[in-house]
Amino acid sequence: MSERNADDLRSQFSRDGFTTQESLVPADLLERVTAHMDAVTAGDYETGRTPNHHRIKPDDATEIIKIDNAHLSDHTLMELVSYPALGAFAATVMDAAMVQVWAVQLLIKPPGGTPSGHVGWHQDFQYWHSKWEPDSEVFTLWVAINDVTADMGPMCMLRGSNQWGFHKDIGDFFDSDIEKHLEQIRGLGAGPIDEVPILLNAGGASLHARLTYHGSAANTSTQPRRSFAIHLRTERSKVLPGAEDSEYVRDLGDLERCPIIYSA
Ligand SMILES: O=C(O)CCC(=O)C(=O)O
């Protein structure tokens, strides 16, 4: 897949609220990451550090698996989230001098195709507004560890919703009723609903803005959909006064946990 130029990436990001780039992570690293995702999911923590939040329901084999800050438990997962091409991509899109990782989610959407695999429509800032000042340049890089096809419950973006304002109470990652959310978002009357599935080859990535509505449906294929959502910030971000000790942002000064993955 060809490299997209910086102007093209930036204009799509500011207009649509997301953009994509293929071929950022090489196949040998993806292969190692796949094995280490399975290890961490099975509770094998190479660094001895247990992730804070797990969402693995052994009694529901189709629910999305979500492990927060899995990169702190495993050296190969840290290698992935620190991979220089990812930082360079984010810096290009944001026209930034610095890009830092501040939180990471390991995501595996199992095959099987039931609503347990849904991710409800949401804006990432719904989960971040108590930590970051409203105009902070905080955003998500979503890295495909395997090919993401249309039947795998790809992440979908609502094109242009980055320009529809912040709606704290409309949408919820953890509520699988994706139709209900879409109705509520439609009710805002902010713009036409244009759902764009993010289809990527393994090693490609998308970047979405903190206000861009996104969600995903069930994985009806026979293969798991594996990815990492890496939450990033640039130098144009500021922790809210009083929030310095809150989870995720309290470690910004610890570059072993929150690596700087691009510096001009
Ligand atoms: O993987 C998905 O379907 C959703 C992930 C997500 O909400 C995010 O990356 O912010």
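## Tyr248 and its loop

Tyr248 sits in the loop that runs between strand S11 (225-234) and strand S12 (260-263). Helices here (H or I, at least four residues) and strands (E, at least two) are DSSP runs, numbered from the N terminus. This is a predicted model, in which local features need pLDDT of at least 70, side-chain atom pairs count only at pLDDT 80 or more, and totals for chains, interfaces and linings use all residues. Residues are numbered from 1 along each chain as its sequence is written, and side-chain values use heavy atoms, with hydrogens and water left out.

Is Tyr248 buried or exposed? Tyr248 is buried, with a relative accessible area of 15%; buried means under 20% relative accessible area, exposed means over 50%, and partly exposed covers what is in between (1.4 Å probe, protein chains only). Its backbone deserves a look too: phi of Tyr248 is near 75 degrees, a positive value in a residue other than glycine. Most residues other than glycine have a negative phi.

## The loop between S3 and H3

Asn69 also has a positive phi, of about 50 degrees, although it is not a glycine. You can find Asn69 in the loop between S3 and H3, and at 14% relative accessibility it counts as buried.

Ser73 lies in the loop between strand S3 (65-68) and helix H3 (75-81). With a relative accessible area of 0%, Ser73 is buried. Who are its partners from elsewhere in the chain? Leaving aside neighbours within four places in sequence, Ser73 is in contact (heavy atoms within 4.5 Å) with Tyr45, Glu46, Thr47, Arg49, Thr50 and Pro51.

## Met78 in helix H3

Moving on into helix H3, we come to Met78, which is buried at a relative accessible area of 18%. Not counting residues up to four places away in sequence, Met78 touches His71, Leu72, Glu256, Arg257 and Pro259. Met78 and Pro259 are 181 residues apart along the chain, and their C-alpha atoms are separated by 8.9 Å.

## Where H1 meets H4

Two packed helices are described by the angle between their axes and the distance between the axes. Helix H1 (residues 6-16) and helix H4 (residues 84-94) have axes that come within 8 Å and cross at roughly 70 degrees. That makes H1 roughly perpendicular to H4. The axes are lines fitted to C-alpha atoms, for helices over the stretch in contact, and angles run from 0 to 180 degrees between N-to-C directions. Angles under 35 degrees count as roughly parallel, over 145 as roughly antiparallel, 65 to 115 as roughly perpendicular and the rest as oblique.

Which residues make the contact? On H1 they are Ala6, Leu9, Arg10 and Phe13, and on H4 they are Phe89, Thr92, Val93 and Met94.

The buried residues of H1 are Leu9, Gln12, Phe13 and Asp16. Seen down the axis of H1, these fall within an arc of 100 degrees, so they line one face of the helix; the arc is that of the directions from the helix axis to the C-beta atoms. Their cover includes strand S1 (18-21), H4, strand S7 (155-158) and strand S9 (205-209).

In H4, the buried residues are Leu86, Gly87, Phe89, Ala90, Ala91, Val93 and Met94. Asp95 follows H4, and its phi is positive, near 55 degrees.

Thr20 lies in strand S1 and is partly exposed, with a relative accessible area of 23%. Not counting residues up to four places away in sequence, Thr20 touches several residues, among them Leu9, Gln12 and Phe89.

Val25 has its place in the loop between S1 and helix H2 (27-41). At 5% relative accessibility, Val25 counts as buried. Leaving aside neighbours within four places in sequence, its contacts are Leu30, Leu80, Tyr83, Leu86, Val143 and Gly203. Val25 and Ala144 are 119 residues apart in sequence and 9.0 Å apart in space, C-alpha to C-alpha.

## Met157 in strand S7

To finish, look at Met157 in strand S7. At 0% relative accessibility, Met157 counts as buried. Leaving aside neighbours within four places in sequence, Met157 has contacts including Phe18, Trp121, Val196, Ile198 and His208.
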